[in-house]
Amino acid sequence: MATSSNRPTGPTDQFTPSPLNQLLYGHIHSAAVRAVAEHRIADQLADGPRTAERLAADSGLHAGTLRRVLRLLAMHGLFTQDEQGAFGLTEAGQALRTDVRGSQRTAALLLTDEMFRRAADGIPDAVRTGKTSFEAAYQVSFFDHLAVSPEQRDLFDSGMASMSGRTDDLIVESYPFPAAGTVVDVGGGRGGFLHTVLRRQPALTGILFDLPDTVSDHLLDTEEVKGRWSVHGGDFFSAVPQGGDLYLLKRILHDWSDEECLRILAAIRGAVTPGTRLLVVDSVLPDNGEPHPAVELDIVMMMLVTGRERTAKEFEELFSRSGFRLNRVLPTPSLPSILEAEAV
């Protein structure tokens with residue numbers, strides 16, 4: 001006879017995992033996301049729900065295993081599962097499709113890539129040494145690794161473009177960009193953010209500045225911004241293009257230590273005149289230690305690079321030490337805020 005302590009559980013039983021248990025399963029969740037992203041399962045569900053058997057047959061996968069992975073991700077809001085066992089996409093799961101605006105598929109592949117996993121495995125040692133866990137795993141800095149690993153550099157560039165593309169419009173809508181003049185996007189990657197700025201301000205011109213290998217694969221060659229941009233390759237630690245009316249640093253300073261940030265800001269200050277505005281687009285942590293989504297991003301910075309997420313006061317100190325004055329901090333509907341500074 002079964003007792004209350006050992007009876008079989010049924011669908012009416014309620015169990016809420018502890019916060020610790022949810023954290024301990026985190027690596028399993030991210031591996032499951034990688035599996036469906038790698039095999040493009042979301043693309044197969046674009047026209048409606050399908051069973052695991054149908055999905056597996058179309059993809060050359062194992063139906064039973066795929067069903068179990070999809071069931072897990074359905075529990076976490078990426079898929080639905082009906083009474084007939086067919087799986088469909090939720091609004092959140094749509095972002096894993098390759099053919100939608102703001103697709104996050106390459107971002108998912110980047111954040112679950114081996115270089116991120118190995119760096120995460122080294123966090124216990126990083127806590128002991130204070131050094132980046134990526135460098136401990138690979139014996140080279142993150143950006144030096146990308147420089148000699150073309151495949152992973154391409155994944156990084158496309159993954160970052162994927163993450164940025166989803167928020168670029170929200171950020172641009174949050175700031176009164178000038179109607180005319182020249183915008184210089186320093187460290188602008190492939191130019192997705194600059195493209196959004198130029199598309200919204202038809203009289204603006206823009207300069208995309210980043211490493212030569214990065215800007216060689218830029219996204220600016222479209223009819224919408226035709227004839228209003230130029231591309232320059234170089235090192236923002238040394239010098240940046242002169243003559244801009246507004247300079248941009250989107251998701252750059254959080255990659256670097258204070259000393260390295262001062263070098264970047266000094267290069268920009270050397271290219272501008274007093275009164276020229278600088279927009280830094282980065283997460284801004286609360287000064288009082290309140291929970292903030294960028295705290296997770298700060299751990300990624302700790303894993304990979306010398307940088308970190310900062311408070312408004314910490315940004316203000318960087319500006320004042322490099323010849324800029326912080327004017328204001330503007331929140332956006334996305335994770336980063338806009339810090340407007342001015343050359344003095």
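I started with D169, which forms a salt bridge with R200; the closest N and O atoms are 3.4 Å apart. A salt bridge here is a side-chain nitrogen of Lys or Arg within 4 Å of a carboxyl oxygen of Asp or Glu. The pair links distant parts of the chain, with D169 in helix α12 (residues 168-173) and R200 in helix α13 (residues 192-200), 31 residues apart.

Notes on the source. This is a predicted model: local features need pLDDT of at least 70, side-chain atom pairs count only at pLDDT 80 or more, and totals for chains, interfaces and linings use all residues. Residues are numbered from 1 along each chain as its sequence is written, and side-chain values use heavy atoms, with hydrogens and water left out.

Helices (H or I, at least four residues) and strands (E, at least two) are DSSP runs, numbered from the N terminus.

I checked burial next. Buried means under 20% relative accessible area, exposed over 50%, partly exposed in between (1.4 Å probe, protein chains only). D169 counts as buried because its relative accessibility is 16%. R200 is partly exposed at 35%.

I then looked up R328, which forms a salt bridge with E340, with the closest N and O atoms 3.2 Å apart. R328 sits in strand β11 (residues 324-330) and E340 in strand β12 (residues 337-343), 12 residues apart. R328 is partly exposed, at 34% relative accessible area. E340 is buried, at 6%. I also found a network: salt bridges that share partners join R101, D169, E173, R199 and R200. The structure holds 19 salt bridges.

I turned to helix α2 (residues 26-38).

Which residues of α2 are buried? They are A32, V33, V36 and A37. Seen down the axis of α2, they fall within an arc of 135°, so they line one face of the helix. The arc is that of the directions from the helix axis to the C-beta atoms. Their cover includes α3 (41-44), α5 (63-75), β2 (79-81) and α6 (105-111), by contact (heavy atoms within 4.5 Å). After α2 comes R40, whose phi is positive, near 55°.

Last, I looked at L20, in helix α1 (residues 19-24). L20 is exposed because its relative accessible area is 54%.
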